[in-house]
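Biologist: Could you take me on a close look at a single part of this model, the place where the two chains meet? I would enjoy one connected walk through that part and whatever leads on from there.

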2 protein chains.
Amino acid sequence: MAENLEPLERLTDMFRKLDGVGKKSAARYAFCVLNFTDEEAAEFARAIIAAKTEIRRCAVCQNITTDELCSVCASDARDHGTVCVVEDPRAVLAIEKTRQYGGVYHVLHGTISPMRGVTPDKLTIRELLARVSPRSDAPDSSPSQSAEGSEEEAGTGAEPVREVILATNPTVEGEATAMYIAKLLSPLGVKVTRIANGVPVGGDLEYADAVTLRRAMEGRYDLL
Amino acid sequence: MAENLEPLERLTDMFRKLDGVGKKSAARYAFCVLNFTDEEAAEFARAIIAAKTEIRRCAVCQNITTDELCSVCASDARDHGTVCVVEDPRAVLAIEKTRQYGGVYHVLHGTISPMRGVTPDKLTIRELLARVSPRSDAPDSSPSQSAEGSEEEAGTGAEPVREVILATNPTVEGEATAMYIAKLLSPLGVKVTRIANGVPVGGDLEYADAVTLRRAMEGRYDLL
């Protein structure tokens, strides 16, 4: 009976495409939209289209931006010789919030995941290699489509890259992606580092998992 | 720095208007939209507009529908003399799923909540009273705007209403709304009932709260 209002079903299906939204939440959101004013609904629809059309990727670091270059890459105040590699734009926001990092970024837009069909060539690894070795002799992540795309980015970085900080998430996929990139970077003579694992500040040892604790012990540093 | 991409902020703000969506979820959803294809984004935008324009309220029960009457009100197989009063269309779906209820509905589209500025006249209580006493001598929920609106609905129900089941949620606001409506219905000589409270089937007494347990005890019934 009353279940199959087609416009509502269609809207629910769209909400389900969002990360972490299940059937019940999607239906709840769709009902919320019904309670929007016409103006709000129109604004929502416009906001979706605007976000898609106005936001693109920075020509250098692949972070999202409304301009040719993102504000970090366009800044003279940043150290363009240090590149922090992250999975997505949200990681950039998180690191920027600390106000401690003065280098630039490289956004992979994902992690390598054969299970989900994400092969290295679907990420921006090729662009990263082009940034690190701007003499255009960069080994490519996807041998099949090697030539294209590397010249453009190579021209932008005047300062040579000295250090690449691999800051993918400490998950299985994030670790594997970091290892994969490290291997590709190793012949290029650049310093490659990985962010530290350990007990989160403010956390409780009791609730830390065994792997985190082991890493925290391994990564212990001298106090005196 | 990179935080203030205006189109992304605007889209995040729209997602925050959805029930139960906080700052972090809204940002996550907005980022998801960026990963949509252009076609998906366009479809999403269209779905929002379509839901708002194509879905309206049933002339009798106020449930959402794409036609003049909802499928329940339009059905000859339903008992139009029994009206189940619910807070929102989702409650109708939940009850319909049981396939046990043969009557019709009345959707209030909310509960009385002076705190949130929801006064009785913002709900469809007036339309409910008009259905129950179709002789158009219905006492009105909002005395200030009494005359208008009651004639239309009065004409639709050929069968007189015998029972009104108040099935608002067992929350403070739902209970208060049920009591308010019961008081308005009492002079109309119609049977007024309230759905039972108790321990949910499959639940565990250990996890039931004290009020629920007390209600379950009070509502106990003879087995032998």
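Modeller: Happy to. A polar contact here is a pair of N or O atoms within 3.5 Å, where one must be able to donate a hydrogen and the other to accept it, and residues adjacent in sequence count only if both atoms are side-chain atoms. Please keep in mind that this is a predicted model. Between chain B and chain A, seven residue pairs are in polar contact, with both residues at pLDDT 80 or more.

Which parts of chain B make up the side that touches chain A? Helix 1 (6-16), helix 2 (23-34), helix 3 (38-54), strand 2 (64-65) and helix 4 (89-98) of chain B each supply at least two residues of that side. Helix 3 of chain B gives the most, with 14 residues.

Now for the extent of the meeting. The size of an interface is often given as the accessible area lost when the parts come together. For chain B and chain A, about 5100 Å² is buried between them, and 76% of this area is on carbon and sulfur atoms. In terms of residues, 50 of chain B are in contact with 50 of chain A.

As for a salt bridge to look up in your viewer, the side chains of B:D38 and A:K52 meet in one, at 3.8 Å from N to O.

From here, let us step into chain A itself. Strand 4 of chain A, residues 103-107, is mostly covered, with five of its five residues buried. Its partner is strand 3 (residues 79-86) of chain A, and the two pair in the parallel sense over five bridges. Within chain A, A:D79 stands opposite A:G103 of strand 4.

A:R99 lies in the loop between helix 4 (89-98) and strand 4 of chain A. Its phi is near 55 degrees, a positive value in a residue other than glycine. Is A:R99 buried or exposed? With a relative accessible area of 76%, A:R99 is exposed, because the cut-off for exposed is over 50%.

Chain B has its own case to set beside this. B:R99 is found in the loop between helix 4 and strand 4 (103-107) of chain B, and phi of B:R99 is near 55 degrees, again positive in a residue other than glycine. B:R99 counts as exposed, at 76% relative accessibility.

Technical notes:
Residues are numbered from 1 along each chain as its sequence is written. Chains are lettered from A and ligands numbered from 1 in the order in which they are written. This is a predicted model: local features need pLDDT of at least 70, side-chain atom pairs count only at pLDDT 80 or more; totals for chains, interfaces and linings use all residues. Side-chain values use heavy atoms; hydrogens and water are left out. Contact means heavy atoms within 4.5 Å. Buried area is the accessible area (1.4 Å probe) that two parts lose on being put together, summed over both. A salt bridge is a side-chain nitrogen of Lys or Arg within 4 Å of a carboxyl oxygen of Asp or Glu. Helices (H or I, at least four residues) and strands (E, at least two) are DSSP runs, numbered from the N terminus. Buried means under 20% relative accessible area, exposed over 50%, partly exposed in between (1.4 Å probe, protein chains only). Two strands pair if DSSP finds at least two bridges between them.
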